[in-house]
Amino acid sequence: MFLVLGFIALVAFLASRRFAARVDALAAFSRRIASGDYRAIPPDPARGALAELGDALNAMARRLDQTMRSLAEERNRSAAILASMAEGVAVIDEKERVIFCNQAFRRIFALEATAPADGRPMIELIREPGLLEIVRRVLDGAEVETGEIERGTVTRQNFRATVSRLATSGADRESEQVGAALVLHDISDLRRLERVRRDFVANVSHEFKTPLTAIQGFAETLLGGALEDEDHNRRFVEIIRNHSSRLARLTDDLLELSRIEAGKTELDSRAVGVRGIAMACVETMRPRLQQGNLRLDLHLPADLPEVKADPRRLREILQNLLDNAMQYTPAGGRIWVEAASANGGDADQVIVTVGDTGIGIPQAEQQRIFERFYRVDAARSREAGGTGLGLAITKHLVESHGGRIWVESEVGTGSKFSFSLPVAL
């Protein structure tokens, strides 16, 4: 009896040890799954409830592995999309803390790329009272709010803000956590175009009104009896002719600018020597230079390579820049034209510069100098007969040749207008 009882106890002990080992293996497998290790365990050769439980845990581990991989891919894809977006995106929780923001949002609000933003109060990152107000309205219950903010001092940037309500289920699946999604769209170009359009309409109206008023006034004066006044009638007619000529030049420049902007200007591009074109322009301006007591110097190397350009349009570009330099350079000043070859990255270029010792251009106005009708000194330009479209036409002509134009200037010292053209192959 003791032998039988001992044998039974030994068998029971071995069986319990094996059972406990199987249970420990399943428990360890469950802990591995909880920690993110989804490797399957070997199948249990002894069938039974524990073997079925092991198979079920293996199947669950495979499904969890697939689900987590899909979630990771989706998260990486979403992160890549948000990081590459030009719009600034931020997510704000119900406690007004920023829990996510992309790189564009950091650039807009000048946040350091490595500085942590998650969990910081919204008021520390967004220092825009108007934007804070619409975010708070959404957090208080509004579905969608929009607004517009303007940032920057020297270079102004306009952003349209759209704030939407976010609602997610809490841990108990009944409570609701409220947040807001903030998206900032850069509309700086749109506002700039609107401003340019308003300025263009206002400037065109003003430019046409002034000569038309003068023509009408002197015509009425002549019809009112001054026609018989031999001492003044000729002068009145000459004034009418001058203003008519100004209207004609203004109309021609507007039509020319419209054709260039519409891409309807045909260029007869071929190999052209800058030196010959520049010297031809200077010769036609000799009388005006002598009249204005201005000195003009040429620094054009003899071995300067030819450029690919339309000769007539290149002459127009240089003529406009020289006219502009003469208008804003006082008597006794100096004007110069220089050119040099340079490597422009993909192709060699020739850079032509027209400089002067004139009144100069303020830094804040240099970005607008190529806009239509924009003048640094409006009175001087109108007195010289300028239409305010010369630099705008010049810019479009240079760009249509595949080059670019820029200005360097300092008030009281002078200005240098430079443009580049590709070298003829």
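This note concerns the salt bridges in the structure shown above.

1. The model is predicted, with local features requiring pLDDT of at least 70 and side-chain atom pairs counted only at pLDDT 80 or more, while totals for chains, interfaces and linings use all residues. Residues are numbered from 1 along each chain as its sequence is written, and side-chain values use heavy atoms, with hydrogens and water left out.

2. The structure contains 18 salt bridges, a salt bridge being a side-chain nitrogen of Lys or Arg within 4 Å of a carboxyl oxygen of Asp or Glu.

3. Among them is the pair D65 and R69, with an N to O distance of 3.2 Å; both residues belong to helix α2 (residues 49–84) and sit four residues apart, about one turn of the helix, where helices (H or I, at least four residues) and strands (E, at least two) are DSSP runs numbered from the N terminus. D65 is partly exposed at 23% relative accessibility, whereas R69 is exposed at 55%, given that buried means under 20% relative accessible area, exposed over 50% and partly exposed in between (1.4 Å probe, protein chains only).

4. E148 and R191 form a salt bridge whose closest N and O atoms are 2.8 Å apart, and this pair links distant parts of the chain, with E148 in strand β4 (residues 144–151) and R191 in helix α6 (residues 188–223), 43 residues apart. E148 is partly exposed, at 38% relative accessible area, and R191 is partly exposed, at 24%.

5. D268 and R270 are joined by a salt bridge of 2.5 Å, N to O; D268 is partly exposed at 44% relative accessibility, and R270 is partly exposed at 42%.

6. A network of salt bridges links E133, R137 and E145.
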